[in-house]
Amino acid sequence: MTAVRARTVLLAAPRSFCAGVERAIGTVERLLAAPDRQGPVYVRKQIVHNTHVVADLAARGAVFVEELDEVPMGAMVVFSAHGVSPAVREQAAQRGLTVVDATCPLVTKVHAEARRFAARGDTIVLVGHAGHEEVEGTAGEAPEVTVVVDGPAEAAALQVPDESRVAYLTQTTLSVDEAEETIQALRQRFPALHGPGSADICYASTNRQESVEAVARHSDVVLVIGSDNSSNSHRLVEVAQRQGIPAYLIDDASAISPDWIDGANTIGLSAGASAPAALVDAVIEALRAWGPVTVREFTTAVEDITFAPPPRVRHLS
């Protein structure tokens, strides 16, 4: 690496936690701190897709499980921010579990749209990444009439029983630009295509993508803090790369390679919607090991959205 020298960190804003993530994490924290808590607080899947958040909550007593058959009969379980299918809810009922639903309200909106389109008799084209927990939950609302597509090519080749009755929905954490390309391909393939009343890609994904895009134009390299299974974090990396700028996803400061910043005068920095703000501070401190750092914040939007806690935990402080 070249000699230590001064650099500028261009900090994208908004970044880090969104309202849905704060609500989900806060739900588990309230349950863990409840004075009358009896037994473990079980959480189905990762509450949000971040290894540091999950490790912190696990250290404080949360028990993360993959499936409900790992939860003792009659116990309490939290559903993650990504949502679950009706089949999972039914399994919880059969096991007598007390459910605390931390599904992001914006994901719940997409589930309601799926039920509405299915009731109309539409084939539902769900634009998203197969296997992602959010996609599995949404598709589970009407599995017999839902098909998942992951790009324009799949959309253009899609066959459905009735081309006059087709509707689309999207995963909330997609790249805005790439999702629009797929939707346009669907419109060309199915001229009578219906869509949701308002965009499914959430405000937080959109805001963070726009901020990273703006920061990338003024940076030599972009670092995005987020875990590998975080869809919205991967999309931020892709947004920066589409500006022709090298961009890397890092789980924390320890993942930074000196080669990435060698020769960089300005380093763009953001964090996915499930990455704690403390990790941003830690990355900035780590960068100081390679010379003085001037931090400039680049704000493209101001977020003031909050979501009320789930009913079962509203009485807990």
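Colleague: Where is His49?

Modeller: His49 sits in the loop between β2 (41-44) and α2 (51-59); helices (H or I, at least four residues) and strands (E, at least two) are DSSP runs, numbered from the N terminus. This is a predicted model, in which local features need pLDDT of at least 70, side-chain atom pairs count only at pLDDT 80 or more, and totals for chains, interfaces and linings use all residues. Residues are numbered from 1 along each chain as its sequence is written, and side-chain values use heavy atoms, with hydrogens and water left out.

Colleague: Is His49 buried or exposed?

Modeller: His49 counts as buried because its relative accessibility is 6%; buried means under 20% relative accessible area, exposed over 50%, partly exposed in between (1.4 Å probe, protein chains only).

Colleague: Which residues does His49 touch?

Modeller: Leaving aside residues up to four places away in sequence, His49 touches His82, His132, Glu133, Ser227, Asn229, Ser230 and Ser274. Contact means heavy atoms within 4.5 Å.

Colleague: Which backbone oxygen lies 3.0 Å from a polar atom of the side chain of His49?

Modeller: That of Asn229.

Colleague: Changing topic, where is Ser231?

Modeller: Ser231 belongs to helix α9 (residues 231-241). With 8% relative accessibility, Ser231 also counts as buried.

Colleague: And what does Ser231 touch?

Modeller: Not counting residues up to four places away in sequence, Ser231 touches His129, His132, Gln171 and Thr173.

Conventions:
Polar contact = N/O pair within 3.5 Å; in protein donor to acceptor, adjacent residues only side chain to side chain.
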